[in-house]
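Subject: Structure handover

Hello,

Here is the structure I promised to pass on. Please open it alongside this email; my notes follow below.

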Amino acid sequence: MIFSDWRQKSKGLQVSKSLLWEYDLTRFDWQRFRVIVMHRVVERRTGLKKSN
């Protein structure tokens with residue numbers, strides 16, 4: 001499966017706040033809006049950054 005190793009490859013990555021600028025990320029329901037997040041990341045091919 002294409003995304004079978006997503007946990008391993010996404011370690012240390014964070015979604016950029018600018019990618020979801022119109023949402024309040026302090027109360028953002030990541031599970032509910034997961035399709036929107038994935039759509040934005042794929043559409044813009046950016047928005048992920050390494051966390052410290």
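Arg44 is partly exposed, with a relative accessible area of 40%. That class covers values between buried (under 20% relative accessible area) and exposed (over 50%), using a 1.4 Å probe and protein chains only. The side chains of Glu43 and Arg44 meet in a salt bridge, 3.5 Å from N to O. A salt bridge here is a side-chain nitrogen of Lys or Arg within 4 Å of a carboxyl oxygen of Asp or Glu.

Two points on the basis of all this. This is a predicted model, so local features need pLDDT of at least 70 and side-chain atom pairs count only at pLDDT 80 or more, while totals for chains, interfaces and linings use all residues. Residues are numbered from 1 along each chain as its sequence is written, and side-chain values use heavy atoms, with hydrogens and water left out.

**Overall layout**

The chain has 2 helices and 2 strands. Along the sequence they follow the pattern α-β-α-β. Helices (H or I, at least four residues) and strands (E, at least two) are DSSP runs, numbered from the N terminus.

The chain has 52 residues, and 15% of them count as buried. Its accessible surface comes to about 5000 Å². Carbon and sulfur atoms hold 54% of that surface. These areas come from the Shrake-Rupley method with a 1.4 Å probe; for residues, only the protein chains shown count as cover.

Contacts are worth a look too. Take those with a separation of 6 or more: residues 24 or more positions apart account for 53% of them. Contact means heavy atoms within 4.5 Å.

**Salt bridges**

The count comes to 3 salt bridges. Besides the pair of Glu43 and Arg44, there is one between Arg40 and Glu22, at 2.6 Å from N to O. This pair links distant parts of the chain. Arg40 sits in helix α2, Glu22 in the loop between β1 and α2, and they are 18 residues apart. Arg40 counts as buried because its relative accessibility is 12%. Glu22 is at 35%, so it counts as partly exposed.

A polar atom of its side chain lies 2.8 Å from the backbone oxygen of Leu19.

The side chains of Arg27 and Asp24 also meet in a salt bridge, at 3.5 Å from N to O. Arg27 is exposed, at 72% relative accessibility. Asp24 is partly exposed, at 41%.

**Aromatic rings**

How many aromatic pairs does a search of the whole structure find? The search finds 4. Rings of Phe, Tyr and Trp (its six-membered ring) pair if their centres lie within 6.5 Å; planes under 30 degrees apart count as stacked, over 60 as edge-to-face and the rest as tilted.

One of the pairs is Tyr23 with Phe28. Their ring centres are 5.3 Å apart and their planes are at 70°, so this pair is edge-to-face. Tyr23 is partly exposed, with a relative accessible area of 26%. Phe28 is buried, at 9%.

Tyr23 also pairs with Phe33. Here the centres are 5.7 Å apart and the planes are at 40°, so the pair is tilted. Both residues lie in the loop between β1 and α2, and the pair ties together parts that are 10 residues apart in sequence. Phe33 counts as partly exposed, at 21% relative accessibility.

Tyr23, Phe28, Trp30 and Phe33 form one aromatic cluster.

**Ser16**

Ser16 lies in the loop between β1 (13–15) and α2 (34–44). Is Ser16 buried or exposed? At 14% relative accessibility, Ser16 counts as buried. Its side chain joins that of Ser18 in a polar contact of 2.9 Å. A polar contact is a pair of N or O atoms within 3.5 Å; within protein, one must be able to donate a hydrogen and the other to accept it, and residues adjacent in sequence count only if both atoms are side-chain atoms.

**A surface patch**

Ile2, Phe3 and Trp6 make a nonpolar surface patch of about 410 Å². Patches are made of residues with over 30% relative accessible area and no salt bridge; like charges are joined within 9 Å, nonpolar side chains (Val, Leu, Ile, Met, Phe, Trp, Tyr) within 5 Å. Phe3 lies in the segment before α1 (6–9). Phe3 is exposed, with a relative accessible area of 57%.

Best wishes
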